[in-house]
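This briefing is meant for a reader who is meeting the structure for the first time. Please keep the sequence and the model side by side while going through the points that follow.

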Amino acid sequence: MTTTADFYDGRGFSAVWLGSLQGDADPNTVRTVACGRLLLDATDPFTYADAVTDLLHVWADEDLGHGYHPRDGWPWLWPDSTETDWVFTFDHGRVWITTGGR
């Protein structure tokens, strides 16, 4: 089943959107890619952001779906991450994973 994921640095209104994935974008599948493991285990925002950028580049190469970069604009028909299946956020030295929804 196709799932979506959004990646942020920070939480709340000051969060910076780093990109999105479409395809098999669940946390277990993200972990199967080397840069996905790196972002999930990140302890600083620079490692996390770099790993997200790398993941957006390799997602299609790994035949897992499509990566969307911020330079291309928000990819979804909905206005924010409340309808996204998975939301990955780096905050306070660790990665938080939540499901979309209000």
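Asp44 sits in the loop between α2 and α3, in what is a predicted model. With a relative accessible area of 26%, Asp44 is partly exposed, because that value falls between the limit of 20% for buried residues and the limit of 50% for exposed ones. Although Asp44 and Val95 are 51 residues apart in sequence, their C-alpha atoms are 9.4 Å apart in space.

**Residues with a positive phi**

- Most residues other than glycine have a negative phi, which gives a background for the next two points.
- His92, which lies in the loop between β4 and β5, is not a glycine and yet has a positive phi of about 55°.
- His92 counts as exposed, because its relative accessibility is 72% and exposed residues are those over 50%.
- Asp63 is likewise not a glycine, and its phi is positive at about 60°; the residue is found in the loop between α3 and β3, the latter spanning 65–68.
- Asp63 is exposed as well, with a relative accessible area of 68%.

**Trp78 and its surroundings**

- Trp78 is placed in the loop between β3 and β4, and at a relative accessibility of 24% Trp78 counts as partly exposed.
- When neighbours within four places in sequence are left aside, the residues in contact with Trp78 are Thr4, Glu83 and Thr84.
- Trp78 and Phe90 are 12 residues apart along the chain, and a distance of 22 Å separates their C-alpha atoms.

**The largest nonpolar core**

- The largest nonpolar core has 22 residues, of which Phe7, Leu21, Leu39, Tyr48 and Leu55 touch the most other members.
- Two or more residues of this core come from each of β1 (3–9), β2 (16–23), α2 (34–40), α3 (45–58) and β4, and α3 gives the most, with 6 residues.
- Phe7, one of the core residues that touch the most other members, has contacts that include Val16, Trp17, Leu18, Leu21, Leu39, Tyr48, Val52, Leu55 and Phe88, if residues up to four places away in sequence are not counted.

**The largest pocket**

- Rolling a probe the size of a water molecule over the atoms shows where empty space is left.
- The largest pocket has a volume of about 330 Å³, and among the 14 residues that line the pocket, those closest to its centre are Tyr8, Gly12, Ser81, Val87 and Thr89.
- By residue type, the lining of the largest pocket comprises 9 polar residues, 4 nonpolar residues and 1 charged residue.

Notes: Residues are numbered from 1 along each chain as its sequence is written. This is a predicted model: local features need pLDDT of at least 70, side-chain atom pairs count only at pLDDT 80 or more; totals for chains, interfaces and linings use all residues. Side-chain values use heavy atoms; hydrogens and water are left out. On a 1 Å grid over the protein atoms alone, a cavity is a set of points where a 1.4 Å probe fits but cannot get out, and a pocket is an open set with protein on both sides within 12 Å along at least five of seven lines; lining residues have an atom within 4 Å of a point. Grid points are joined across faces, edges and corners, and a volume is the space filled by probe spheres set on the points. Ala, Val, Leu, Ile, Met, Phe, Trp, Tyr, Cys and Pro count as nonpolar, Asp, Glu, Lys and Arg as charged, and the others, Gly among them, as polar. A nonpolar core is a set of buried Ala, Val, Leu, Ile, Met, Phe, Trp, Tyr and Cys residues joined through side-chain atoms within 4.5 Å. Buried means under 20% relative accessible area, exposed over 50%, partly exposed in between (1.4 Å probe, protein chains only). Helices (H or I, at least four residues) and strands (E, at least two) are DSSP runs, numbered from the N terminus. Contact means heavy atoms within 4.5 Å.
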